[in-house]
Amino acid sequence: MKMQNQSSVVEFILLGFSNFPELQEQLFGAFLVVCLVTLMGNAIIIIVISLEQSLHVPLYLFLQNLSVVDMGMSAVIMPVMLVIFSTEKMRISILGCLVQMYFILTLGVTECFLLGVMAFDRFAAICHPLSYPMIMNKMVFMQLLTFSWISGITVATVQTTWVFSFPFCGSNEINHISCETPAVLELACADTFLFEIYAFTGTLLTVIVPFSLILLSYIRILFAILKMPSTTGKQKAFSTCASHLTSVTLFYGTASMTYLQPKSGYSPETKKLTSLAYSLLTPLLNPLIYSLRNSEMKRALMKIWQRKVALHTF
């Protein structure tokens with residue numbers, strides 16, 4: 001009987017915001033705009049950094065990878081959400097749900113570590129400017145970048161495999177906007193206590209290790225900036241750090257609320273909203289934060305635009 005019940009769940013139903021059917025059309029329009037702006041903004045950053053030789057330095061190459069992660073997160077979650085808003089619910093196969101969870105975890109963990117190594121890069125550049133080329137040489141850059149991506153892939157592989165090893169023999173309705181781990185786990189009809197301990201500990205480490213690196217880096221950066229004699233130097237150092245700090249606050253604040261909250265800490269609707277902020281707001285705002293607050297990015301964008309105009313003119 002148990003095996004029959006388990007085999008009966010061949011797909012899940014994502015409920016999204018089906019409690020508010022009157023808002024579905026407005027939500028569809030709003031999130032379609034968010035999706036297009038997110039993809040376009042991050043694509044511009046990737047293209048500008050690829051085309052502008054002066055930006056081929058660790059700071060902007062890390063930023064380029066951050067934009068790849070943000071585009072990926074949007075591409076994994078947004079199409080599913082748009083289908084939910086147009087139909088109120090969405091059927092998704094177990095394999096489709098597994099794939100979505102895998103990419104959400106891979107990209108989320110990778111972004112955690114990318115933000116950490118970007119803070120270390122700023123620390124090396126501001127606190128040790130003369131030895132910066134040796135500290136952040138090509139090999140170190142590649143090792144940090146590879147470590148960030150491998151961390152994401154490893155965590156996602158272990159966690160996704162473990163979640164989908166549980167039997168799903170009860171309700172198949174996921175009261176969420178995507179196949180995130182906490183929402184799917186609620187449907188498992190098995191003892192998930194050990195997994196929950198692992199997931200909480202793993203998430204804590206994934207958040208705390210990069211965040212500690214960020215915190216220590218910025219404490220050292222702050223002392224270094226305060227010792228600078230020139231006001232211009234201080235302003236330049238602050239401006240290069242401000243964008244990164246804004247991204248860190250946005251990402252870690254919303255991700256922690258999504259993955260470190262108690263199982264019954266918030267209502268399902270609140271959980272959906274925090275998940276939206278973590279998975280969609282950060283990818284949307286990162287291109288604006290880094291392009292509007294960064295003079296080198298704006299100069300590079302202008303140079304590329306002027307070259308394009310010149311080619312069309314002649």
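How are H4 and H8 oriented relative to each other, roughly parallel or roughly antiparallel? I found the axes of H4 and helix H8 (residues 193-226) crossing at roughly 20° and coming within 9 Å. H4 and H8 are therefore roughly parallel to each other.

Notes on the source: this is a predicted model, in which local features need pLDDT of at least 70 and side-chain atom pairs count only at pLDDT 80 or more, while totals for chains, interfaces and linings use all residues. Residues are numbered from 1 along each chain as its sequence is written, and side-chain values use heavy atoms, with hydrogens and water left out.

Terms I used: helices (H or I, at least four residues) and strands (E, at least two) are DSSP runs, numbered from the N terminus. Axes are lines fitted to C-alpha atoms, for helices over the stretch in contact, and angles run from 0 to 180 degrees between N-to-C directions. Angles under 35 degrees count as roughly parallel, over 145 as roughly antiparallel, 65 to 115 as roughly perpendicular and the rest as oblique.

Entry: H4 and H8. I noted that H4 passes H8 in a left-handed crossing (the near helix is turned anticlockwise from the far one by less than a right angle; clockwise is right-handed). I then listed the contact (heavy atoms within 4.5 Å). On the H4 side I have, among them, Val109, Phe113, Phe120 and Ile126; H8 supplies residues including Val209, Leu213, Tyr218 and Ile225. By class, I read 18 nonpolar, three polar and two charged residues in this contact. Here Ala, Val, Leu, Ile, Met, Phe, Trp, Tyr, Cys and Pro count as nonpolar, Asp, Glu, Lys and Arg as charged, and the others, Gly among them, as polar.

Entry: H3 and H4. I looked up helix H3 (residues 58-87) against helix H4 (residues 94-127) and found an angle of about 160°, with the axes 9 Å apart. That angle makes H3 roughly antiparallel to H4. The crossing of H3 past H4 is left-handed. The contact of H3 with H4 holds 17 nonpolar, five polar and four charged residues.

Entry: H3 and H6. I found H3 packed on helix H6 (residues 138-163) at about 20°, with the axes 11 Å apart. H3 and H6 are therefore roughly parallel to each other, and their crossing is right-handed. H3 brings Pro58, Leu61, Phe62, Asn65, Val68 and Val69 to the contact, and H6 brings Phe141, Leu144, Leu145 and Trp149.

Entry: I found three strands in an open sheet with mixed pairing, in the order S2-S1-S3. Strands S2 (90-93) and S3 (173-174) are the edges, each pairing on one side only. Pairing requires that DSSP finds at least two bridges between two strands. Strand S1 (residues 11-14) pairs with S2 in the antiparallel sense over four bridges; Phe12 stands opposite Ile92 and Ile13 opposite Arg91. S1 and S3 run parallel and are joined by two bridges, with Leu14 opposite Ile174 in S3. I also noted that H4 lies across S1, S2 and S3, at about 85° to S2.

Entry: annotation. The unreviewed UniProt entry lists several spans as "transmembrane region", including residues 27-49 and 61-86. UniProt positions are in the numbering used here, feature names are shortened, and annotations may be inferred rather than shown by experiment. I checked residues 27-49: the span is 100% helix and 0% strand, with its end C-alpha atoms 33 Å apart. Residues 61-86 are also 100% helix and 0% strand, and their end C-alpha atoms lie 37 Å apart.
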